[in-house]
Protein chains: 4
Amino acid sequence: MDSSNNAHKLNDLTMSEKVRPLLDAVKQHIRDNVDPILEEYNRLGEGRAERFSYAPGQLDLLEGAKKKAKEAGLWNFFLPNAETGEGLSNLDYAYIAVELGKNPLASETLNCSAPDTGNMEVLERVGTPEQKEQWLKPLLNGEIRSCFGMTEPQVASSDARNIETSAVLEGDEWVINGEKYYISGAGDPRCKIMICMVKTSPDAEPFRQQSQILVPMDAPGLTILGPMNVFGHDDAPHGHMHIKLDNVRVPKDNILWGEGRGFEISQLRLGPGRIHHCMRSIGSAEKALGLMIDRGLNREAFGRSIIDLGKNMETISRARIEIEAMRMIVLKAAKAMDVLGNKEARIWVSMAKAMVPEKCCNIIDQAIQIHGATGISQWSPLPEMYTKQRTLRLADGPDEVHHNVVARAEVKSHN
Amino acid sequence: MDSSNNAHKLNDLTMSEKVRPLLDAVKQHIRDNVDPILEEYNRLGEGRAERFSYAPGQLDLLEGAKKKAKEAGLWNFFLPNAETGEGLSNLDYAYIAVELGKNPLASETLNCSAPDTGNMEVLERVGTPEQKEQWLKPLLNGEIRSCFGMTEPQVASSDARNIETSAVLEGDEWVINGEKYYISGAGDPRCKIMICMVKTSPDAEPFRQQSQILVPMDAPGLTILGPMNVFGHDDAPHGHMHIKLDNVRVPKDNILWGEGRGFEISQLRLGPGRIHHCMRSIGSAEKALGLMIDRGLNREAFGRSIIDLGKNMETISRARIEIEAMRMIVLKAAKAMDVLGNKEARIWVSMAKAMVPEKCCNIIDQAIQIHGATGISQWSPLPEMYTKQRTLRLADGPDEVHHNVVARAEVKSHN
Amino acid sequence: MDSSNNAHKLNDLTMSEKVRPLLDAVKQHIRDNVDPILEEYNRLGEGRAERFSYAPGQLDLLEGAKKKAKEAGLWNFFLPNAETGEGLSNLDYAYIAVELGKNPLASETLNCSAPDTGNMEVLERVGTPEQKEQWLKPLLNGEIRSCFGMTEPQVASSDARNIETSAVLEGDEWVINGEKYYISGAGDPRCKIMICMVKTSPDAEPFRQQSQILVPMDAPGLTILGPMNVFGHDDAPHGHMHIKLDNVRVPKDNILWGEGRGFEISQLRLGPGRIHHCMRSIGSAEKALGLMIDRGLNREAFGRSIIDLGKNMETISRARIEIEAMRMIVLKAAKAMDVLGNKEARIWVSMAKAMVPEKCCNIIDQAIQIHGATGISQWSPLPEMYTKQRTLRLADGPDEVHHNVVARAEVKSHN
Amino acid sequence: MDSSNNAHKLNDLTMSEKVRPLLDAVKQHIRDNVDPILEEYNRLGEGRAERFSYAPGQLDLLEGAKKKAKEAGLWNFFLPNAETGEGLSNLDYAYIAVELGKNPLASETLNCSAPDTGNMEVLERVGTPEQKEQWLKPLLNGEIRSCFGMTEPQVASSDARNIETSAVLEGDEWVINGEKYYISGAGDPRCKIMICMVKTSPDAEPFRQQSQILVPMDAPGLTILGPMNVFGHDDAPHGHMHIKLDNVRVPKDNILWGEGRGFEISQLRLGPGRIHHCMRSIGSAEKALGLMIDRGLNREAFGRSIIDLGKNMETISRARIEIEAMRMIVLKAAKAMDVLGNKEARIWVSMAKAMVPEKCCNIIDQAIQIHGATGISQWSPLPEMYTKQRTLRLADGPDEVHHNVVARAEVKSHN
């Protein structure tokens, strides 16, 4: 897998000329329209008893910023090669996503939030005209939100063959039974549709047993049992919900791309989804490094600035080096998707996914340490940044699965 | 600091004969009286709007278990060499504290909770008869709780000389002004007294400027501004509170041990306090290792038990080795306090404090990883165990301060 | 495997009263008789063309020191519970071995060198009177040396079932064919006997196929093909030799303990052997830490002593903490052998073996880094110390095998 | 230092079109002309009593390969923007240097060996016509070799102001006195010239006190005291020599670029020099990874290929990820030198230098572990590869100095 062989294809990681002004516009949009609303948005949402709802005025702030972004043409960048004409190359989008990672509201204002991005990409790629009209259009317009039902509480979902939720065709309807958890975004009252991974064909070969089906969130029999927490957070109102599907019935045509193609769709969606997360993670690590330096410069102990104590300067250097290394690997994985296609690029994607969240956890953890008790408090964004990166080491395939992908490819290419 | 020189004093780490039956009794008490109430206790406390209060019935559960422990003579073990006749040697207590670390309610049922233990030890050692009568007695009886006011939000408290809260003598009263945060236990409605570190003598030499003063929680001018969170948790009803002291007046006699002795008292209290935490941390790491193995044995992926995948077996071995290593260092630090006194033992205490929470964080983090998404959820005790250990890397002196203590002693002994 | 259950048996790690004066005597012997000859011994041995021989005068230095030790009763300490009446408990010997680890000649002056110690223990435990008379006696007297033939170049010897060297009984003789490498000590002209692991019973069950046989080094057909290097060193004149056995014939009675008991003997010998190495490793780490501090205090750069730059103080603290942790684990493993017997103690031994050389490598490596170029040069003992510890991570079972022993025991005890 | 600002300048890391065929030619040259001679070259050089000399026939092998490379135009690639018309951009050369790192003779056959490359670059940049005629010309022709005299045994040379070797102008001659060590390449009988860092102006400001002077190796008063070892190797006949300068007299005109410009020249030379090493290091890590996989596939233990045991697959994945990350950082540093100039690029160079050798040490060490005892033996190239990378962590500035450069730039850019 020595990259020298395809270096001429993958090593030009320059942003395209056309995107440079867009990146500047995104930065300005965040500075002008997103950074200023974050504090009030958070304050309004604080301590609400009805957790999975928005406070009066909260969505107005968000919609205001969305409107400005949309008017400025800063919209749906995530969707490469779309028929809709929107979307940037994965490489160009990577540069933008790093910026989006620095403010937790930024992505949504550009309609570039997970898991909608992955869902929209799937619908755009394999949806029927009717499916697109009903679900893709309002998603692309930022009118509704969506979720993706993959993980199940009873099995190790890292091996997707373990999925147990069943869908059985009865007449013109799929009847779905099962349990899903950590369904991110399902708590949002605007979430209207779930793309649900189900087992439709238990007698087919292992990787042809699954399908993906569109399940409206208001379908009878679909119950949100409650939120799954992340280190004690319920992440309301977004939420990572625990959902029960009890004889949920959806029309036969709600299947995506055909029976038994669930895995193929997953391969399609997970590449970009993982990379988008990693791109934003780098923005998060940049922010942690900045906070580390700020704190180190502005506190004194034992007669010196904290930054000059012990190993702190070396910690800063190592963080910078690792950030630059991660940046290049993520850019390269994005380029690989552009040049080689999502399937061929999957080893690069797994390299990025196995590398980035783990290193970001370490960098944020070190930033916490320099902050003392404030670093674990609500006065700092660091605890939430940490738990988000820690979660990413488990989501979309745990680190171990991605290391295994990389290692097997390495061994294979070696022979 | 080659321990061979004093090995004959410190290397007998055997539990005393008299404590062996006590340890068995403590284990049985936890099994019979504490483990069975934990779930209901937690359920009752869940999602309360008035955060820093107890639900009806919650305290009854706790008091029931306390009563049983007290009747069985399992009470106040933490207090070595006490005039009161209670208390075990630090070494013996270490064995018991490891067990207490496995259930979050266990310590309190034996009246061995932080920060009361440290406060009681201080009162027992340096309190006047009147101070003992008023505060130590109800604390030893488990009738009230207490807190310790050290850390301040505006300065790097790791260098205790930075403390800014001032106490000025006006007539027969100390007038106290300042701000404290992360005051653990101050949220509990039963918390009646704070031992507060203040600056009384700004013109004295650096380590004689501070004093410790008893401040009743209901003193006019003492306001709890709110809870400080730990990775998003408010840890209610215990709480880590942010407190303002605005012209708080307390009697002159509320000072402990005399003006300018604040540091001396800190040295006294922090040794045992740190070691108690580390002892419980080892219990926590044991529990994490057990959970790791359970999960690894009971889930399958890619055709094998998870425990047999990748590096999981080596992770288990490394965890066991590190736990045994930590155990011995903590036992040795406890023994050092018994044999050499808290002052001479402080290097061993710093070794334990710098070593244990960091390694426990790693072990718990690995347990989380094996659990997948469940490992970060409310279905698992692991997230709370993690944030507790992570907090310990900052509390009672961050790792860096303890490494510095150890290194300076090492260099000094080398010459 | 929570040690609390057997803590009352294993946690008294005190040196016995009778050994305290012996330890002092050993320290004084090293100071008076070994440290002073090391430089000349090394100088005499330098750059010899005939590698596996001693220079005139070199052995005289060594024999002089041996004589003094023997006269002072500092002899054969390694052999616990020996009929010969010599030998200390494993725990007591551990304290002495730490000291031996600080000077590379010290062990031999007390007749406590590997691999003789293991060979003598085996002979003492399972040898026939004739075998003892012929080989154990001169070994215990320090008149000859010996080696142990286990590892083979063509197979992964970490799985001992892979051993391919065969011994076939023809009449009254075993006929041995095969190849061994890294046979430590076989280069020494004084080495007269090899205990050789061979396959005698290919049809028996896997762990009963092997036997151990005494093979005189001058047996016809035994050829030393040359030395195996360790990071480029040939470690002459001791040497780690590559040996060919080509129809080597030895008397039938040269078998130890009986056919098919090769593994049983290995279990017996490897426990103490591994622990002796680990004990000496700790002495080596102590020495590295001392050198680190010396260098750090005595060099300046950028206006400060090197010791005060960057993370050096934390490195020192971490080294001290790890050394103390290793010391306790090794002492505990030694105690376990004394109390539980070598078989039951093997998990503790594996814990020590998996822990110690890896951590010692790190500590020595950090000492090298602080020394700059001198740290990798012949002016410093550190490179040789490093390669010795690095070798130990592979010898007597690589780290991975020991982690596997520990993990399997952990999982088993968990159920 | 967020690279997004200058990403448009530095992120095109594509090899130039003109170099692609050269890279192919280099690979073929190594395959056809260098790989086949390595074993015989090494065999001829083995065990020579006269260490710093070549065996009959040894140089013929080398000169044969040099001749073929030169005829094929594969020569002096290292020298960017040279008046001589040779040389590639740093970026293009990086791709080639990775290949050179896989065979220890490859660099020299292309006249791209350290330290000649750095010396030639300095002479080309700042040499007088006379200096170029006398020394640069034969160096560029591969007729002589050279060394660089920087490090001194008595001071911490990581702070270059510490240099103590003095040069005093007496009439038309510099009189030089001092001691240098680890002067790489000075053992080679073909080494004719040293560029020597000396203190000429002790009263100037700290960074203007030093100069660099050309000292012929046969100058009276220059004595090679002996070789400095690297983990016991003398690395003959190349050697890292210990040199005494005792009233060595050289003509006044032997100074380079003028008095007090020693540091400026160092800045100039060290950038490319460090990067060339890092490039080759990546080739070395690639080779280690390949060996790791080979061994893992071809040995069995406990019923499975070693590669499938424990954490080995994850080790392989992590190695691949780190290699790709290192590759990109090194390419980026090379590009930075091309685009920003050596001075501006120095932070990128320090990032690469602080990152690469440390990570390569780890990868090679893991390859050793998988090999078992063979991994530390003369049968494997791994021990020599390890010690070379370990040495690089100290040479041309230890890791700590480079981390400090990176951290200070980071903090500065942050304000």
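Mentor: Let's start with helix axes: they are lines fitted to C-alpha atoms, for helices over the stretch in contact, and angles run from 0 to 180 degrees between N-to-C directions. Helices here (H or I, at least four residues) and strands (E, at least two) are DSSP runs, numbered from the N terminus. This is a predicted model, where local features need pLDDT of at least 70, side-chain atom pairs count only at pLDDT 80 or more, and totals for chains, interfaces and linings use all residues. Residues are numbered from 1 along each chain as its sequence is written, and chains are lettered from A and ligands numbered from 1 in the order in which they are written.

Trainee: At roughly what angle do the axes of α2 and α4 of chain B cross?

Mentor: Roughly 15 degrees, for α2 (residues 19–45) and α4 (residues 90–100) of chain B, and the axes come within 10 Å. Angles under 35 degrees count as roughly parallel, over 145 as roughly antiparallel, 65 to 115 as roughly perpendicular and the rest as oblique. So α2(B) and α4(B) are roughly parallel to each other.

Trainee: Which residues of α2(B) and α4(B) meet?

Mentor: Two residues are in contact if their C-beta atoms, placed from the backbone, lie within 7 Å. From α2(B) come B:Val19, B:Leu23, B:Val26, B:Lys27 and B:Ile30, and they meet B:Asp92, B:Tyr95, B:Ile96 and B:Glu99 in α4(B). By class, that contact has 6 nonpolar, no polar and 3 charged residues. Ala, Val, Leu, Ile, Met, Phe, Trp, Tyr, Cys and Pro count as nonpolar, Asp, Glu, Lys and Arg as charged, and the others, Gly among them, as polar.

Trainee: How many residues does each chain give where chains C and B touch?

Mentor: Chain C gives 41 residues and chain B gives 41 residues. On the chain C side, α9(C) gives the most, with 13 residues. That side of chain C has 20 nonpolar, 10 polar and 11 charged residues.

Trainee: Which domains does chain A have?

Mentor: Domain bounds come from an automatic or database domain assignment. For chain A that gives domain 1 (3–140), domain 2 (146–256) and domain 3 (263–414). The C-alpha centres of domains 1 and 2 of chain A lie 24 Å apart. Their contact takes 14 residues from domain 1 of chain A and 15 residues from domain 2 of chain A. On the domain 1 side, α6(A) supplies the largest share, 5 residues.

Trainee: What is chain A like over residues 260–409?

Mentor: Over that stretch, chain A is 79% helix and 3% strand, with the end C-alpha atoms 26 Å apart.
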